Amino acid sequence: RKEVEQDPGPFNVPEGATVAFNCTYSNSASQSFFWYRQDCRKEPKLLMSVYSSGNEDGRFTAQLNRASQYISLLIRDSKLSDSATYLCVVPNTGGFKTIFGAGTRLFVKA
Amino acid sequence: DAGVIQSPRHEVTEMGQEVTLRCKPISGHNSLFWYRQTMMRGLELLIYFNNNVPIDDSGMPEDRFSAKMPNASFSTLKIQPSEPRDSAVYFCASSSTGGAGYGYTFGSGTRLTVV
């Protein structure tokens with residue numbers, strides 16, 4: 001099992017739709033998790049942190065399920081500007097070898 | 001704050017040439033990371049510095065790659081000699097708290113093409 005696995009993309013959704021991505025991780029000792037967003041030909045940027053059961057920021061909700069070892073990202077009322085690649089990030093117990101998932105591509109269409 | 005600054009933005013070089021990538025982290029950040037991103041392998045951590053000291057370079061692909069951080073405001077990643085398979089986007093990132101459990105700020109990256 002890979003250390004971090006994400007839903008394969010791309011996801012193609014219309015504006016206004018709700019879309020969810022999942023990310024599974026293998027290290028049960030991981031305590032914190034992150035979602036990064038990467039626009040085409042740009043650098044990754046931190047989108048959300050998840051330290052406990054979940055986190056909500058406007059249209060974005062990140063949830064953590066420790067028992068099943070996955071985190072999810074829910075985007076409500078999708079906008080064209082949400083089109084990007086979403087990277088799931090899991091620090092390992094060593095403290096610095098943060099593992100980035102391969103990313104899930106999202107395309108929001110008008 | 002200007003953020004993490006990388007140079008050059010683009011580099012095209014011939015196989016066998018030496019390539020040097022540069023990074024200026026955010027002032028006050030004590031951790032610096034070099035990543036490489038390709039379509040096939042995604043984002044890979046090459047090396048991690050903490051307080052200017054290399055902590056883990058196990059991600060450096062081979063001896064052709066070397067990295068230095070002579071002071072808190074500057075780091076270099078050198079490839080000598082370069083090969084076509086080194087073509088990728090190289091990102092530098094910095095963090096204020098060691099990286100684990102805290103988000104990183106990435107530079108804009110250097111897009112390297114080795115022909």
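The legends below describe close-up views of a predicted model.

**View 1. An open antiparallel sheet in chain A.**
The sheet has five strands, which follow the order β1-β3-β8-β7-β6 in chain A and pair in the antiparallel sense. At its edges lie β1 (4-6) and β6 (54-57) of chain A, each of which pairs on one side only. On average, neighbouring strands of this sheet are turned by 15° against each other, direction ignored. Within the sheet, β7 (residues 60-65) and β8 (residues 70-75) of chain A are joined by six bridges. Gln63(A) has Ser72(A) of β8(A) opposite.

Gln6(A) is part of strand β1 of chain A. The residue counts as buried because its relative accessibility is 15%, under the 20% cut-off. A polar atom of the Gln6(A) side chain lies 2.9 Å from the backbone nitrogen of Cys88(A). Leaving out residues up to four places away in sequence, Gln6(A) touches several others, among them Cys23(A), Trp35(A), Tyr86(A) and Gly101(A).

**View 2. Strand β8 of chain B and its partners.**
Strand β8 (residues 74-79) of chain B pairs with β3 (residues 19-24) of chain B in the antiparallel sense, over five bridges. Here Thr20(B) stands opposite Lys78(B). Strand β7 (residues 65-71) of chain B also pairs with β8(B), again antiparallel and over five bridges. In this second pairing, Lys68(B) has Thr76(B) as its bridge partner. Two residues separate β7(B) from β8(B), and the two strands form a hairpin.

**View 3. An aromatic pair that joins chains A and B.**
Over all chains, the structure holds 16 aromatic pairs. In the pair shown, the ring centres of Phe100(A) and Phe106(B) are 5.9 Å apart, and the pair is edge-to-face because the planes stand at 80°. The pair joins two chains, since Phe100(A) lies in β10 (residues 99-100) of chain A and Phe106(B) in β10 (residues 105-106) of chain B. Phe100(A) is buried at 8% relative accessible area, and Phe106(B) is buried at 5%.

The rings of Tyr35(B) and Tyr104(B) have centres 6.4 Å apart and planes at 45°, so the pair is tilted. Tyr35(B) sits in strand β4 (residues 31-38) of chain B, whereas Tyr104(B), 69 residues away, is in the loop between β9 (88-95) and β10 of chain B. Both tyrosines, Tyr35(B) and Tyr104(B), are buried. Ring pairs link these two into a cluster that also includes Tyr36(A), Phe100(A), Phe33(B), Tyr48(B), Phe91(B) and Phe106(B).

Notes: Residues numbered from 1 in each chain as written. Chains lettered and ligands numbered in written order. Predicted model: local features only at pLDDT ≥ 70, side-chain atom pairs only at ≥ 80, totals over all residues. Heavy atoms only, no water. Pairing = 2+ DSSP bridges. Helix = DSSP H or I, 4+ residues; strand = E, 2+ residues; numbered from the N terminus. Axes fitted to C-alpha atoms, helices over the stretch in contact; angles between N-to-C directions. Buried < 20%, exposed > 50% of the residue type's maximum accessible area, 1.4 Å probe, protein only. Polar contact = N/O pair within 3.5 Å; in protein donor to acceptor, adjacent residues only side chain to side chain. Contact = heavy atoms within 4.5 Å. Phe/Tyr/Trp six-rings, centres within 6.5 Å; stacked < 30°, edge-to-face > 60°.
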